[in-house]
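Please read these notes with the structure open beside you, and take each point slowly.

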Amino acid sequence: MSFYTIKDLPESDRPREKLLKFGVENLTDSELLAIILRTGLKGKNVLDLSREILEYFGGIPGISRAHIKELVSFKGLGKTKAVTLLASFEIGRRALLGDGISPKITSPEDVVNLIWPKVNNLPVEIFGIVTLNTKGKLISIHEITKGGMNFTSISPKEVFHPAVKDMAAAVILFHNHPSGDPTPSKEDIEVTKRILEGAYLLEIEVLDHIVLSSNSYFSFKKEGLL
């Protein structure tokens, strides 16, 4: 069985050649994805496969949030390509967290894109915070509790210890609901209020509390609960 590769495309349409000639920033999402995937399917070139993957997963952010099982199940990916994709996104995420390249957080979606790969499809609950500087740029992501611990018993001291260490001006709380429903429980709302009281005393602003499930999220700020 033969597969279409980038070399099977007309030279003017080859993403690698376009990258070298015009620069990586001038490539489309499908062209960048095609470079990573390298090969298509029998009867389908790699650019067409890339476009189908982007459409199915909802663009680059959707692919970055996908679980390995979801990627592998898409016809034309398989384990090798799926692993390569996940590694590529992780490299990009780590680059963003590197010195001097910290992204600015301006919306709940920015946080979701950062956190989703960390919590997506986890069978246990995880609670953590994102710390930000005075300009709203990311300092760090901290996991506070995971698994058997009940995060509703967390004290503000536990939450803000890493924030004080980071000299953060603001934090965003996050946790996941393995059940699949991101709607906050009564306990979620109560613990958020308790953390807000601690934030006021420390003069650290809590910008949001985001609850994530496998395919959606809930923003306390968006829904007027903060």
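Which residue in S5 is the bridge partner of Ile210? The partner of Ile210 in S5 is Ser219.

This is a predicted model, in which local features need pLDDT of at least 70 and side-chain atom pairs count only at pLDDT 80 or more, while totals for chains, interfaces and linings use all residues. Residues are numbered from 1 along each chain as its sequence is written, and side-chain values use heavy atoms, with hydrogens and water left out.

1. The sheet as a whole. Five strands form an open sheet in the order S2-S1-S3-S4-S5, with mixed pairing; strands (E, at least two residues) and helices (H or I, at least four) are DSSP runs, numbered from the N terminus, and two strands pair if DSSP finds at least two bridges between them. The edge strands are S2 (138-146) and S5, each of which pairs on one side only. On average, neighbouring strands of this sheet are turned by 20° against each other, direction ignored.

2. Strand S4 and its partners. S4 (residues 205-212) is mostly covered, since six of its eight residues are buried, where buried means under 20% relative accessible area (1.4 Å probe, protein chains only). On one hand, S4 runs parallel to S3 (residues 170-176), to which seven bridges join it, and Leu212 of S4 is the bridge partner of Asn176. On the other hand, S4 pairs with S5 (residues 217-219) in the antiparallel sense over three bridges, and a hairpin of four residues joins S4 to S5.

3. The crossover. From S3 the chain passes through helix H9 (residues 186-202) to S4, and this β-α-β crossover is right-handed, meaning that, with the strands pointing away from the viewer, the path from the first strand over the helix to the second runs clockwise.

4. Helices on the sheet. H9 lies across S1, S3 and S4 and runs at about 160° to S4, whereas H7 (residues 108-119) lies across S1 (126-132), S2, S3, S4 and S5 and runs at about 50° to S4. Such angles run from 0 to 180 degrees between N-to-C directions, and the axes are lines fitted to C-alpha atoms, for helices over the stretch in contact, where contact means heavy atoms within 4.5 Å.

5. A helix pair. The axes of H2 (residues 29-37) and H3 (residues 46-57) come within 8 Å and cross at roughly 115°. Among the residues making this contact are Leu33 and Leu37 of H2, together with Ile53 and Leu54 of H3.

Key: Buried < 20%, exposed > 50% of the residue type's maximum accessible area, 1.4 Å probe, protein only.
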